Amino acid sequence: MDKINQTFVLEFLLLGLSGYLKIEVIYFALILVMYLVILIGNGVLIIASIFDSHLHTPMYFFLGNLSFLDICYTSSSVPSTLVSLISKKRNISFSGCAVQMFFGFAMGSTECFLLGMMAFDRYVAICNPLRYPIIMNKVVYVLMACVSWLSGGINSVVQTSLAMQLPFCENNVINHFTCEILAVLKLACADISLNIITMTISNMAFLVLPLLVIFFSYMFILYTILRMNSATGRRKAFSTCSAHLTVVIIFYGTIFFMYAKPKSQELPGENKLQTSDKLISLFYGVVTPMLNPIIYSLRNKDVKAAVKYLLNRKLIQ
């Protein structure tokens with residue numbers, strides 16, 4: 001009976017930056033500002049993609065999905081992080097931790113697939129422009145988005161279920177800002193071989209496979225662009241791809257650091273490395289969703305024109 005009682009955890013304690021009390025207020029202000037930029041920037045992109053008929057294309061449909069995803073992802077973790085920084089309330093219930101883990105993993109998995117779908121869309125648009133309306137019709141691109149969301153959700157259900165059914169004994173202190181799955185797995189007092197195997201398979205399916213699609217899509221795109229005779233056409237083609245490619249580099253750079261690094265770097269006694277992991281996770285969780293609407297709006301004339309049109313329309317009313 002004592003053994004059973006020790007394996008059941010009612011709540012977790014999130015350490016966050018508890019060892020750096022003097023800079024917690026600064027982090028609170030920075031994260032709050034970035035979160036507001038995420039809500040406003042991505043919200044504007046969603047509204048523009050819905051109400052501006054010029055943006056009713058597959059590329060902007062995927063961009064609207066990406067913006068909605070970024071809002072959902074940050075809203076599942078940032079508010080609780082802000083509360084813990086300002087009020088020192090760092091505990092989170094077991095069920096709350098599971099929900100936070102599910103949304104975090106689901107949104108991350110879905111974004112991997114969405115970025116791959118967006119790369120394929122650019123490939124068809126540039127390499128097969130005459131067949132683009134046929135290949136990327138509404139049924140196809142809506143189905144592609146649905147597959148991304150559904151597969152991300154299923155993957156997260158599997159990973160979250162396997163992680164939260166583990167025994168944690170009396171260790172409920174998570175050395176992280178949120179209930180990030182790798183940080184939670186470190187608390188388990190049981191064999192996590194199954195978790196490692198399923199996460200490896202997940203990495204192959206949701207990290208490597210979309211990255212291969214992105215890589216080969218851009219290889220064909222580059223080949224097509226270099227064969228163009230018109231300098232204006234080459235600039236336009238590069239312009240339509242540069243924003244997406246920038247987002248891909250930022251996203252995959254941070255996510256590979258967290259989920260695809262060697263196990264030898266996961267030693268529990270390395271405090272500096274753990275702090276680095278937490279800051280990289282913060283970058284991935286807050287900075288990347290904040291940069292997405294900025295990158296797409298600054299590098300895209302259609303989005304800027306749509307936003308200006310909606311603002312002028314609102315001011316006239």
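These questions and answers walk through a predicted model of one protein chain.

User: What share of the residues in the chain count as buried?
Analyst: The chain has 317 residues. A residue is buried when its relative accessible area is under 20%. The share that counts as buried is 45%.

User: Among contacts between residues at least 6 apart in sequence, what percentage join residues at least 24 apart?
Analyst: Take the contacts in the chain between residues at least 6 apart in sequence. Then keep those that join residues at least 24 apart. That share is 80%.

User: Where does UniProt place the feature "transmembrane region"?
Analyst: The positions come from an unreviewed UniProt entry. The record lists residues 25–48, 60–78, 98–118, 139–158, 204–226, 238–259 and 279–298.

User: How far apart are the end C-alpha atoms of residues 25–48?
Analyst: UniProt lists this span as a transmembrane region. In the model, the span is 100% helix and 0% strand. Its end C-alpha atoms are 35 Å apart.

User: And for residues 139–158, what is the distance between the end C-alpha atoms?
Analyst: This span is also on the UniProt list. Residues 139–158 are 100% helix and 0% strand. Their end C-alpha atoms lie 28 Å apart.

User: Are helices H2 and H3 roughly parallel or antiparallel?
Analyst: Two packed helices are described by the angle between their axes and the distance between the axes. For H2 and H3, the axes are 9 Å apart and the angle is about 150°. Angles over 145 degrees count as roughly antiparallel. H2 and H3 are therefore roughly antiparallel.

User: Which residues of H2 make the contact with H3, and what classes of residue does the contact hold?
Analyst: The crossing of H2 and H3 is left-handed. From H2 come Tyr35, Ile38, Leu39, Asn42, Gly43, Leu45, Ile46 and Ser49, and the H3 side includes Gly64 and Asp70. By class, the residues of this contact are nine nonpolar, seven polar and one charged.

User: Is Asp121 buried or exposed?
Analyst: Asp121 lies in helix H5. Beyond its neighbours within four places in sequence, Asp121 contacts Pro58, Met59, Phe62, Tyr132 and Met136. Its relative accessible area is 1%, so Asp121 is buried.

User: What is the relative accessible area of Arg122?
Analyst: Arg122 is found in H5, residues 94–127. Setting aside residues up to four places away, Arg122 touches Met59, Tyr132, Ile221, Thr240 and Cys241. Arg122 is buried, with a relative accessible area of 9%.

User: How far is the C-alpha atom of Arg90 from that of Gly16?
Analyst: Arg90 lies in the loop between helix H4 and strand S2. Arg90 is buried, at 12% relative accessible area. Gly16 is 74 residues away along the chain, yet the C-alpha atoms are separated by 8.2 Å.

User: How many charged residues are in the contact of H7 with H9?
Analyst: The axes of H7 and H9 come within 10 Å and cross at roughly 165°. The pair is therefore roughly antiparallel. Ser151, Gly152 and Asn155 are among the H7 residues that meet H9, where Thr198 and Phe206 are among the partners. The contact has five nonpolar and seven polar residues, and the charged count is no charged residues.

Methods
Residues are numbered from 1 along each chain as its sequence is written. This is a predicted model: local features need pLDDT of at least 70, side-chain atom pairs count only at pLDDT 80 or more; totals for chains, interfaces and linings use all residues. Side-chain values use heavy atoms; hydrogens and water are left out. Axes are lines fitted to C-alpha atoms, for helices over the stretch in contact, and angles run from 0 to 180 degrees between N-to-C directions. Helices (H or I, at least four residues) and strands (E, at least two) are DSSP runs, numbered from the N terminus. Angles under 35 degrees count as roughly parallel, over 145 as roughly antiparallel, 65 to 115 as roughly perpendicular and the rest as oblique. Contact means heavy atoms within 4.5 Å. Ala, Val, Leu, Ile, Met, Phe, Trp, Tyr, Cys and Pro count as nonpolar, Asp, Glu, Lys and Arg as charged, and the others, Gly among them, as polar. UniProt positions are given in the numbering used here, feature names are shortened, and annotations may be inferred rather than shown by experiment. Buried means under 20% relative accessible area, exposed over 50%, partly exposed in between (1.4 Å probe, protein chains only). A crossing is left-handed if the near helix is turned anticlockwise from the far one by less than a right angle, and right-handed if clockwise.
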